[in-house]
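Subject: Structure for you to look at, with notes

Dear colleague,

I am passing on a structure that will be new to you, and I would be glad if you looked through it before reading my notes.

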Amino acid sequence: MAALGWLTPRRRSATARSVLAGEAAAEAARKSSQELEALEALHGTAPAAEPDFPVAGDDRAAAFFDLDNTVMQGAAIFHFGRGLYKRKFFQRRELARFAWQQAWFRLAGVEDPEHMQDARDSALSIVKGHRVAELMSIGEEIYDEYMAERIWPGPRPLAQAHLDAGQKVWLVTAAPVETATIIARRLGLTGALGTVAESVEGVYTGKLVGEPLHGPAKAEAVRALAHAEGLDLTRCAAYSDSHNDIPMLSLVGHPYAINPDAKLRKHARAREWRLRDYRTGRKAAKVGIPAAAGVGAIAGGTAAAVALHRRRR
């Protein structure tokens with residue numbers, strides 16, 4: 001549940017916290033990968049036409065996919081928030097605050113630090129005291145309710161091509177590692193790197209390990225996992241829609257900009273990275289308006305939940 005928020009102690013080095021978050025995400029991902037590999041055989045996907053890359057049989061290569069607006073339309077935490085509200089994990093007053101912060105973010109195009117800090121602290125308090133197993137079970141239900149139908153069809157063949165080539169495919173996201181792992185398993189991928197929340201004896205403490213897996217922390221997670229798995233990053237691929245993931249994309253030898261925002265599109269073109277856009281023409285024209293990222297994305301789902309609640313009344 002970690003990406004539901006993040007705490008930002010002012011006196012600690014941001015770099016050190018990014019490394020800690022990355023290493024925690026890598027460790028969590030490796031622990032779950034064996035189970036996912038076993039289940040992968042039961043959730044096979046029909047192979048698709050192979051793109052220019054990857055190279056079949058190169059087991060020192062792997063692929064790293066951002067989740068929100070790369071593999072899935074919208075943000076995973078947005079949909080997870082809808083599911084938690086439906087299950088009465090938080091009240092309408094919290095819903096309204098999240099909705100306002102997210103609306104401001106979408107209009108202004110930048111994250112307000114105070115808004116984001118408030119949203120993260122509130123979100124962490126929501127899951128504090130709940131058991132990890134409980135949230136995992138709920139996450140399975142929420143995937144079926146809100147997420148399955150929002151998986152982009154376009155990136156699936158790219159991921160499948162890596163799997164068909166004998167390579168591992170990892171999701172890399174600021175979403176909670178538990179949620180990310182559920183999505184990876186449902187898509188038949190190897191595993192997931194996500195934000196790690198602290199838990200003691202299977203109960204969430206309301207704190208994070210390091211910081212959310214966002215921006216530089218994603219790059220640290222990929223670097224840590226590559227070292228543990230014996231991968232050559234120059235032979236790996238990474239896929240993302242956001243300029244926030246430029247550190248991760250810059251790590252690998254085969255970066256792809258998928259449904260890119262304006263800043264990433266400009267950066268990718270300047271460096272001759274591959275671009276793929278699976279949105280409709282109308283949506284693609286709006287790349288100047290950033291997609292929801294991190295915990296702030298809860299607000300979109302909560303706003304929808306409020307509207308649904310009102311209609312039912």
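Residues are numbered from 1 along each chain as its sequence is written, and side-chain values use heavy atoms, with hydrogens and water left out.

The mean pLDDT (the predictor's confidence in each residue, from 0 to 100) of the protein chain is 77, and 68% of its residues reach 70 or more. Over residues 1-12 the pLDDT is below 50, although this stretch has 56 contacts (heavy atoms within 4.5 Å) beyond near neighbours in sequence. Residues 284-313 also have pLDDT below 50, with 68 such contacts in the model. Where pLDDT is low, the predicted coordinates should not be read in detail.

The protein chain holds 12 helices and eight strands, which are DSSP runs numbered from the N terminus (H or I, at least four residues, for helices; E, at least two, for strands). Of its 313 residues, 54% count as buried (under 20% relative accessible area, with a 1.4 Å probe and protein chains only).

Helix 5 (residues 132-147) and helix 7 (residues 177-186) have axes, meaning lines fitted to C-alpha atoms over the stretch in contact, that come within 9 Å and cross at roughly 50°. That makes helix 5 oblique to helix 7 (angles run from 0 to 180 degrees between N-to-C directions; under 35 is roughly parallel, over 145 roughly antiparallel, 65 to 115 roughly perpendicular, and the rest oblique). By class, this contact has six nonpolar, two polar and five charged residues, where Ala, Val, Leu, Ile, Met, Phe, Trp, Tyr, Cys and Pro count as nonpolar, Asp, Glu, Lys and Arg as charged, and the others, Gly among them, as polar.

Helix 2 (residues 76-86) also packs with helix 5, at an angle of about 110° and with the axes 9 Å apart, which makes helix 2 roughly perpendicular to helix 5. In this packing, the residues of helix 2 that meet helix 5 include Ala76 and Phe80, and those of helix 5 include Met147.

Thr179 lies in helix 7 and is buried, with a relative accessible area of 4%. Leaving aside neighbours within four places in sequence, Thr179 is in contact with Ala76, Phe80 and Met147.

Note on methods:
This is a predicted model: local features need pLDDT of at least 70, side-chain atom pairs count only at pLDDT 80 or more; totals for chains, interfaces and linings use all residues. Buried means under 20% relative accessible area, exposed over 50%, partly exposed in between (1.4 Å probe, protein chains only).
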